Amino acid sequence: MTLRATVAELVREFRASGRIVIVGASLAGLRAAETLREEGFTGSLTIIGDEPYEPYDRPPLSKQVLKGWVPADHTKLPRMREVDADWRLGVAATGLDRATKRVRLADGEQVPYDRLLIATGTRARQWPNPTEAALQGVHTIRSRDDAEQLQKALAESPSRVVVIGAGFIGSEVASVCRELGIPVTVVERGSAPLVGALGGVIGEIAAQMQRDHGVDLRCGLGVSSLEGDSGGHVRRAHLSDGTAVDADVVVASLGSIRNVEWLEGSGLAAGFWGVGCDAGGRVFDINGVVTDSIYVAGDVARAPHVLYEYQFLAMEHWDNAVFGAEVAAHNMVNLEPHYHPHLLLPGFWSGQFGVNIKSVGVPPFGDEIVFTQGSVQERRFAAAYGHRGRIVAAVTFDHGKWLEYYGKLIERSGPFPPPPPGWDQPPDMKPMPAEFPDPRVPTAVPDVVLTGHAPSERTAEFRPRRH
């Protein structure tokens with residue numbers, strides 16, 4: 001038997017009787033499991049999740065669920081096909097032994113694997129004072145339970161809601177409050193809402209949009225403490241300028257934490273920014289050597305991107321979870337030259353204050369911005385971001401039909417300023433500084449993070465957020 005025939009037989013044998021474990025029972029984990037079966041894997045498949053629920057969709061949690069349109073338990077993700085898996089739900093992974101190829105669980109069990117997919121995603125960053133965080137009426141929003149509890153609180157018509165942090169989630173929560181007729185104060189340490197993700201120029205537009213809808217927006221300030229009453233319910237937020245805001249509900253929207261603690265001591269390139277991997281999802285060890293049996297996908301993954309100087313990107317986006325999982329699953333049951341790369345052009349959308357905001361590319365990679373279409377005054381426009389003479393991202397407010405055009409320019413490393421399509425060009429198309437804050441400032445960390453070139457990067461400065 002030739003070497004090629006021997007290798008092919010080993011692949012067939014693994015597909016028939018191998019053991020694959022997926023840690024993370026959310027969008028990436030489910031889509032990976034479906035892809036494995038689609039690729040012909042008929043061996044043992046185990047899916048481990050710390051929540052007791054089957055995979056559910058997260059984007060509706062801060063939108064339709066909070067508005068009361070959709071119950072939180074009606075967000076279950078549709079199945080594209082049967083996965084025939086052993087579901088271990090409601091039990092967290094607590095450790096990884098690469099020598100014996102076993103995943104340790106919180107209940108003491110150890111699950112053996114031949115190949116492992118890490119899809120543990122992120123969790124909401126809690127309010128840093130545990131006593132204040134435990135006050136009734138203090139919420140975060142990331143999980144199904146979070147959304148259900150916050151929706152019930154909003155349905156009781158609180159006198160005022162304080163949202164700490166004006167990123168996308170915080171801004172969407174504020175938007176829902178105004179739609180429900182609830183007074184809301186948004187406290188943002190940065191200069192404007194969305195400044196970390198879209199820069200100061202767009203942030204000022206978002207700030208005016210919030211104020212026009214009745215939001216009490218306080219930028220350049222933090223929350224120093226939360227005060228509760230004798231019954232243990234939050235009643236007041238004390239701000240860093242010495243003022244205080246009375247509120248019955250406080251939503252801490254302080255960003256996310258990547259779930260990598262269970263990998264401590266495993267020797268993998270896992271840390272604050274996530275789990276380092278190549279473009280095919282294969283995880284690096286702490287020395288930058290690619291592993292053969294461990295893969296990663298979803299929010300917790302960070303991989304180099306050819307369009308962004310091969311810097312490692314960590315992307316907390318729906319499409320990244322889906323396509324990254326599909327690529328990793330394909331590569332888990334194939335050998336080169338049949339590996340696929342995950343080269344998704346990042347993109348996201350957010351509905352807030354009656355406007356649909358969409359983006360493509362990595363805006364924080366740019367240092368300049370130019371408005372290319374529409375009207376800023378009408379909040380119906382497209383803008384492009386540039387870096388060293390090429391377009392690297394674009395954002396639209398109620399102008400999303402043009403994103404595909406800008407996406408193709410980005411993929412071709414097109415020129416900046418880009419040639420605008422259509423006829424509704426603004427009178428002033430002069431590039432200007434995009435005004436992104438220092439990325440080392442915690443409040444400025446966006447949903448797509450440029451984390452440097454080293455797979456085991458540990459030099460990023462981290463300062464706990466103090467809003």
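Buried residues are those with under 20% relative accessible area, whereas exposed ones have over 50% and partly exposed ones fall in between, using a 1.4 Å probe and protein chains only. This is a predicted model, in which local features need pLDDT of at least 70, side-chain atom pairs count only at pLDDT 80 or more, and totals for chains, interfaces and linings use all residues. Residues are numbered from 1 along each chain as its sequence is written, and side-chain values use heavy atoms, with hydrogens and water left out.

View 1. A search of the whole structure for disulfides, meaning pairs of cysteine sulfur atoms within 2.5 Å, finds zero. For Cys-177, the closest cysteine sulfur belongs to Cys-219 and lies 17 Å away, which is too far for a bond.

View 2. Asn-334 counts as buried, at 11% relative accessibility. Leaving aside neighbours within four places in sequence, Asn-334 is in contact (heavy atoms within 4.5 Å) with Arg-15, Glu-39, Arg-115 and Tyr-339.

**View 3. The annotated span, residues 19-322.** The unreviewed UniProt entry labels this span "domain: FAD/NAD(P)-binding", an annotation of a kind that may be inferred rather than shown by experiment. The end C-alpha atoms of residues 19-322 lie 22 Å apart, and the span is 22% helix and 31% strand.

Notes
Helix = DSSP H or I, 4+ residues; strand = E, 2+ residues; numbered from the N terminus.
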